[in-house]
Amino acid sequence: MALHCGRACRQYLLHLAHDNVDFRLPEIKALLSLRKRPFDTSKTFSEKSPFWHLNGLSEDDMRRVMSRTICGKSSFELWGHGTTTDELRTSLLKYPAENMAPYLQHNSTYKINVYTFNKTLVFKNRIKKIDALDFLPFKGTVNLKDPEHIFCLLEDYGSDPNDIPEEPFHIYFGRWIADGQRELIRSYSVKKRHFIGNTSMDARLSFIMANHAKVKADDLVYDPFVGTGSLLVACSHFGAYVCGTDIDYNTIHGIGKASRKNQKWRGPDENIRANLRQYGTESLYVDVMVSDASKPVWRKNAQFDAIVTDPPYGIRESTRRTGSHKDIIKPPVDFIQRLFKMKSLLHFLINNTVKRVVLRNKKYFFIYILNVVYSCDGKAEFSTAITSVFSVT
Ligand SMILES: C[S@@+](CC[C@H](N)C(=O)[O-])C[C@H]1O[C@@H](n2cnc3c(N)ncnc32)[C@H](O)[C@@H]1O
């Protein structure tokens with residue numbers, strides 16, 4: 001467990017949120033690849049664990065990942081770890097003193113936090129754990145309010161809330177580097193969004209999708225099923241120019257019935273442009289237009305950097321096509337039949353869209369997410385899944 005390394009080979013610990021577990025790995029890999037960095041972890045790496053060791057990175061790489069990640073909560077320079085307190089102590093004592101020294105100076109201020117996963121510790125026990133670290137050569141002064149350096153002891157008690165062990169499975173100690181962007185989930189909540197619809201994509205998933213698609217400043221991003229533009233909001237947050245199309249005239253023009261409780265009709269400025277204005281990215285709004293994704297609307301070789309979209313699933317939002325009534329597929333009564341019809345129609349719509357555009361840098365990315373649908377007796381009819389991910393480089 002010893003971390004014998006100099007400046008060039010520090011290990012970093014990423015503490016991940018325990019939601020959207022399936023989306024964490026593609027998000028972190030995508031953010032590292034934006035920096036052209038590999039995803040290199042310890043041999044004992046477990047995707048489901050809330051703690052990942054990352055190798056071969058610099059502190060700057062970690063800061064850049066944290067400046068975008070929604071799945072990552074915090075990152076640390078890992079000073080030591082082990083399965084017992086003795087192992088942790090041995091590991092910490094082996095950590096190069098020159099790596100620690102800049103953060104333990106006489107004239108510095110610091111604090112130590114204790115974080116426990118799947119267990120709550122009483123205050124007294126937290127203090128005991130901090131006191132047990134007194135073998136570390138801290139020379140600065142404790143400052144709980146505004147310290148220069150923050151250290152953290154992180155304990156992993158597994159993920160079974162019905163079987164919490166007395167002692168943690170694994171213990172980590174490190175210097176805090178940066179937090180992720182989970183604050184965006186609250187500040188971009190659709191509850192406070194100017195223009196919303198019945199199927200507006202929630203902020204958390206919108207940002208995760210924009211990260212998966214590696215959307216970056218000055219990219220041109222297109223959403224063929226734009227709805228109220230939640231994905232455009234997320235992509236423009238990362239500096240991309242955004243545009244979209246939707247078959248629904250009322251949605252594109254921001255008119256018709258409102259989706260908010262206690263409001264009958266949409267107001268005069270409820271539209272996608274106003275959503276971007278709300279978050280200060282109106283200058284990145286290209287335009288949106290009414291169009292059927294299965295029909296040709298783009299000139300040959302139209303270029304986009306990424307297509308990020310949340311297609312109609314046929315459950316909350318039906319898949320629609322223009323044309324004569326006999327062409328329109330009515331949802332079959334049987335659920336499984338309906339799922340298959342829906343999937344083939346989605347593939348048709350998406351393939352048509354993709355064929356009509358050229359993606360600059362030859363990369364594109366789609367995710368479609370099937371939501372869990374609960375019947376009246378509380379049974380899930382099918383589970384959440386990423387049904388298709390296309391990524392071409
Ligand atoms: C799941 S919603 C997208 C929600 C959107 N992400 C948002 O945040 O509001 C799917 C959208 O696809 C649109 N749609 C359905 N069939 C379409 C088609 N053939 N072409 C274009 N848009 C279509 C619907 O009008 C709906 O707005």
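**Sheet, helix pair and ligand shell**

Six bridges join strands E6 and E7, and the two run antiparallel. Keep in mind that this is a predicted model.

- Seven strands make up an open sheet, and reading across it gives the order E2-E1-E3-E7-E6-E4-E5.
- The pairing in this sheet is mixed; in general, strands of a sheet pair through backbone hydrogen bonds, either parallel or antiparallel.
- Which strands stand at the edges? They are E2 (51–54) and E5 (141–142), and each has a single partner strand, so one side of each is left without a neighbour in the sheet.

**Strand pairs, one by one**
- E1 (residues 12–16) pairs with E3 (residues 72–82) in the antiparallel sense, over five bridges.
- If you want a spot to look at in that pair, Tyr12 sits opposite Glu77 of E3.
- E4 (residues 109–117) and E6 (residues 149–156) go the parallel way, with eight bridges between them.
- There, Thr116 stands opposite Glu155 in E6.
- Back at the E6 and E7 pair, which is antiparallel, Leu153 has Phe173 of E7 as its bridge partner.

**A helix on the sheet**
- Strand E3, the antiparallel partner of E1, also has a helix against it: H3 (residues 85–94) packs on the sheet and touches both E3 and E7 (170–179).
- The direction of H3 makes about 85 degrees with that of E3.

**Where H7 meets H8**
- The axes of H7 (residues 203–212) and H8 (residues 230–237) come within 8 Å and cross at roughly 55 degrees.
- That angle is why H7 counts as oblique to H8.
- The crossing of these two helices is right-handed.
- On the H7 side, the contact is made by Ser206, Phe207, Met209 and Ala210.
- H8 brings Ser230, Leu231, Val233, Ala234 and Cys235 to the contact.
- What classes of residue make up this contact? Seven are nonpolar, two are polar and none is charged.

**Around the ligand**
- The ligand has 25 residues around it, and Phe225, Gly227, Thr228, Ser230 and Ala293 come nearest.
- Ser230 turns up in two places: among those nearest residues and in the contact between H7 and H8.
- By class, the shell around the ligand holds nine nonpolar, nine polar and seven charged residues.

Key
Residues are numbered from 1 along each chain as its sequence is written. This is a predicted model: local features need pLDDT of at least 70, side-chain atom pairs count only at pLDDT 80 or more; totals for chains, interfaces and linings use all residues. A residue is near a molecule or strand if its C-beta atom, placed from the backbone, lies within 6 Å of it. Ala, Val, Leu, Ile, Met, Phe, Trp, Tyr, Cys and Pro count as nonpolar, Asp, Glu, Lys and Arg as charged, and the others, Gly among them, as polar. Axes are lines fitted to C-alpha atoms, for helices over the stretch in contact, and angles run from 0 to 180 degrees between N-to-C directions. Helices (H or I, at least four residues) and strands (E, at least two) are DSSP runs, numbered from the N terminus. Angles under 35 degrees count as roughly parallel, over 145 as roughly antiparallel, 65 to 115 as roughly perpendicular and the rest as oblique. A crossing is left-handed if the near helix is turned anticlockwise from the far one by less than a right angle, and right-handed if clockwise. Two residues are in contact if their C-beta atoms, placed from the backbone, lie within 7 Å. Two strands pair if DSSP finds at least two bridges between them.
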